[in-house]
Amino acid sequence: MSEAQFRPYETDPCYAPATGRVRTGYPAAVASVPSGSVVLAVDGPTAVRWDVVAAALSDALSAAGRSVKFLDVREHYASWELILQRTASPELPDDPHFATLSDVELPALLDDLPRPEVVPGGVVVVYGPGAALVDPDVLWYADLPKRYAEAAITGGDGRNLGQPTGTGPGTTRRLFYIDWPVLDRHRDAIADRVALWLDTQDVDAPASLDGDALRATLAELAARPFRTRPTFNTTSWGGHWGQDALGFNTQAANTALGYELIAPESGILVGDAETAKVEVPFQLLVALHPEAVLGVDVHRAFGTSFPIRFDYLDTVGGGNLSVHCHPQSDYMRRVFGWPYTQHETYYVMVNGEDSRVFLGLRDGVDVEAFRRDADAAVHHGVPFDIERHVQSFPAEAHQLFLIPAGTPHGSGDGNVVLEISATPYLYSLRFYDWLRKDANGEQRPVHVGHAFDNLAVERTGQRVAVDLVQRPRLLREVDGATEDVIGSLPDMFFEVTRLELGVGAVIEDTAGDRFHILNVVEGAGVVVETAAGHRHSLAYAETLTIPAAAGGYTVRAAGSTPVRVVKAFVK
């Protein structure tokens, strides 16, 4: 099979439901409501356009001959002042950007619950975040992927969970660290009771899937390879590789951040790729089938948190990333509330002439002088040469750079970096951001205090080159194929290896008791087949999750040139 015959990168991978089919529109959804007197709860996140959903349900139920009454659960939330008190972040009370990850449960944000009075022969619809708490006869979940909530907040149109009008704009600080954890826990807790999943990305004609069909589909996916839906975001330093090479967001300013697999935000498309499909949170799959997806030992260590992510940093035609670090383990637990920290790696997929990767401190660095320079940049707009303090290395194609928590780092311009990292992804503690401005003309956030509190001062000089810029070590060799360890450190819980397959070569592997993640970093692609007969093609730059329950599998090279595939797993 030549490269021309192998398929290109697929932007919307989609999987058929195990039973039933995805339908569209409110009339199709309300057709499933039982006859007689019914209390229907429609739960879901804050960002759903609830007034539009309620009005459309009213029309559809009335057209079906049902009398209907509506109760908005949002009217039963506590006052905003009380919600702020109940979700306060004692470790970070005045931090403008970060909050401790909330452990509050959704009922704590309500003063009381609606008390639906049954309408004889009719339908009482209780709707909004927390509607499931009224113990309804029928429960639906109206979803909207998290990227919409973030876009609404950053655009000035969104509000936070429980926030009434007239209390100022919503903030990403609350969205990321309070709203999302609270709502995710609530959704996962009620998932077994959901009778209908309603995807409201097209709020006027939502796609829907029966709850039993949804759960059956997720059970199937928990034992076979699958891809999550990739997305790209725009930032001030972004490049254009995602647009030019993969066809993403061609009308956007750039494709800086490519989310291939980031568990808290990624979704899985279920339905017909050409017609109707619903997007289901990947995290929901993990919550319902943690041992099948993660493996017994990984589930024991990480609960229902999928611990590895794959994403792209695209600076081709863009600028340098900030130089930053991530929280060290104790600080991450104590201050930010995550049980494990944000260890990272950079795999260089594409490099430009003279492109660099910033990594580790220079030998003999004066940390106090570094702090003075960073403070002067933040407070007085004084630029400085970051390489007075931080090393840089040539960004050689297919080199992996290891980035333990606390290590200063950043990709230079002209690169495409595949981040193979621990799942926490919102804790980039910046030392220096080149005095860049945001869309509003304000200096982008720089977190000098947090950054220096977490700086790994031992990551200096030649030790960085030896420990963090490792050479491949042969792990095994079979006919026409090899596997090398390309990144492993005792204090990082995951390992990265690379498969190199000659034309047509096949290599066997097994997920064993822990999931694997694969990405094609060179060549046309591969075909992965499990012992149970599940086949999945994987093209250049795509990412595939192989659940622990998939067991043994083979990887077969496609195309007329050799193929390279990186693999990550929990050690």
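Reader: Two strands pair if DSSP finds at least two bridges between them. With that settled, which residue of β31 is the bridge partner of Thr-497?

Author: Lys-567 is the bridge partner of Thr-497 in β31. This is a predicted model, in which local features need pLDDT of at least 70 and side-chain atom pairs count only at pLDDT 80 or more, while totals for chains, interfaces and linings use all residues. Residues are numbered from 1 along each chain as its sequence is written, and side-chain values use heavy atoms, with hydrogens and water left out.

Reader: Over how many bridges do β24 and β31 pair?

Author: Strand β24 (residues 494-501) and strand β31 (residues 563-570) are joined by eight bridges, in the antiparallel sense.

Reader: And in which order do the strands of that sheet come?

Author: The order is β22-β23-β24-β31-β26-β29, six strands in an open sheet with antiparallel pairing. β22 (473-478) and β29 (543-546) are the edge strands, each pairing on one side only. On average, neighbouring strands are turned by 25 degrees against each other, direction ignored.

Reader: Which residues is Val-570 in contact with?

Author: Leaving aside neighbours within four places in sequence, the contacts of Val-570 are Val-298, Phe-302, Pro-307, Ile-308, Phe-493, Phe-494, Arg-514 and Phe-515. Contact means heavy atoms within 4.5 Å.

Reader: How many residues of β15 are buried?

Author: Six of the seven residues of β15 (residues 344-350) are buried, so the strand is mostly covered. β15 runs antiparallel to β18 (residues 400-403), with four bridges between them, and Tyr-346 has Phe-401 as its bridge partner there. β15 also pairs with β20 (residues 416-422), again antiparallel and over four bridges; the partner of Val-350 in β20 is Val-416.

Reader: On helices, at what angle do α4 and α5 cross?

Author: The axes of α4 (residues 146-154) and α5 (residues 172-190) cross at roughly 150 degrees and come within 11 Å. That makes α4 roughly antiparallel to α5, since angles over 145 degrees count as such, under 35 as roughly parallel, 65 to 115 as roughly perpendicular and the rest as oblique. Axes are lines fitted to C-alpha atoms, for helices over the stretch in contact, and angles run from 0 to 180 degrees between N-to-C directions.

Reader: Which residues make that contact?

Author: Lys-146, Ala-149, Glu-150, Ile-153 and Thr-154 of α4 meet Thr-172, Leu-175, Phe-176, Trp-180 and Asp-184 of α5.

Reader: Finally, what is the phi of Trp-434?

Author: Phi of Trp-434 is positive, about 60 degrees, although the residue is not a glycine. Most residues other than glycine have a negative phi. Trp-434 lies in the loop between β21 (429-432) and α13 (448-454) and counts as partly exposed at 25% relative accessibility. Ala-541 also has a positive phi, near 80 degrees; this residue lies in the loop between β28 (535-539) and β29, and counts as buried at 0% relative accessibility.

Conventions: Helix = DSSP H or I, 4+ residues; strand = E, 2+ residues; numbered from the N terminus. Buried < 20%, exposed > 50% of the residue type's maximum accessible area, 1.4 Å probe, protein only.
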